[in-house]
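Take a first walk through this structure with the model open beside you.

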Amino acid sequence: MSEIPSIAPIWTLMSPASTIGLRLLPGALDLPAQQALLDEVMARVQAAPFVRQVTPGGKPMSVAMTSFGALGWTTDASGYRYEPRHPTTGAPWPDIPQALLDLWAELADPKTPPDACLVNFYDAQARMSLHQDRDEADFGFPVLSVSLGDTAVFRVGGLKRGDPTRSVRLASGDVCLLAGEARLIHHGVDRILPGSSRLIPGGGRINLTLRRAAPA
Ligand code: SIN
Ligand code: FE2
């Protein structure tokens, strides 16, 4: 997939103040671009299957994960961290699809490429509790997320855990950028809306988050 999607409407959530820098780009990827990206993802998942990892507290996550790039986000009894190898196959992670690298260069940082792409798979039961993305070395780099398949009920809060939250729907092809003051906002997925998209055979949602995990 070579074409860069045309990014027309960028709107920024202006309230509460701590969500400034959260940019939503609804429909950033059109249907052919979503399908091409899904094909790239599924080809890589053959070698790096989705795994339901365990939290440091010993609870299996409801979201199944894999990664692309030099580093993959990992959790087990030893804690949260980035690792260069898949936790069950022991192989290096597959490379990051070019379309995602292009999107990062356009929207996040033209000079420093991402070194980690977390790939989350949500079935109808999966959820992700409110958290911050803070396992990366330099919070100056944004987190760029691309949604494929069923719509997510995405929850965004503020910089502090108790801050008010609001719910935003992330549909297939939507891009969300946590940048600037919003880089460390709390966020999570309340649930997905099964049947809201026909992109993924069998249903479900895939979310790809691009990060710069190691120091640049
Ligand atoms: C995440 O925070 O890792 C995933 C967010 C999402 O699935 O939209
Ligand atoms: Fe996150």
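Two strands count as paired if DSSP finds at least two bridges between them. Keep in mind that this is a predicted model.

Start at strand S13, residues 205–211. Which strands pair with S13? One is strand S8, residues 143–149. S8 and S13 run antiparallel, and six bridges join them. Look for Leu 148: this residue stands opposite Ile 206 in S13. Another partner is strand S6, residues 116–122. S6 also pairs with S13 in the antiparallel sense, over seven bridges. Here Leu 118 stands opposite Thr 209 in S13.

Now turn to the side chains. In a regular strand they alternate between the two faces of the sheet. Are the two faces of S13 covered or open? Both are covered. Arg 205, Asn 207, Thr 209 and Arg 211 lie on one side, and each of them is buried. In total, seven of the seven residues of S13 are buried.

The structure holds one cavity of 30 Å³ or more. The largest cavity contains about 40 Å³ of space. What lines it? Strand S3, residues 64–68, gives the most to the lining, with three residues. The lining includes Met 65, Thr 66 and Ser 67. By type, the lining divides into six nonpolar residues, four polar and no charged.

Methods. Residues numbered from 1 in each chain as written. Chains lettered and ligands numbered in written order. Predicted model: local features only at pLDDT ≥ 70, side-chain atom pairs only at ≥ 80, totals over all residues. Heavy atoms only, no water. 1 Å grid on protein atoms, 1.4 Å probe; cavity = no way out; pocket = protein on both sides within 12 Å on 5 of 7 lines; lining within 4 Å. Points joined across faces, edges and corners; volume = space filled by probe spheres on them. Helix = DSSP H or I, 4+ residues; strand = E, 2+ residues; numbered from the N terminus. Nonpolar A, V, L, I, M, F, W, Y, C, P; charged D, E, K, R; others polar. Buried < 20%, exposed > 50% of the residue type's maximum accessible area, 1.4 Å probe, protein only.
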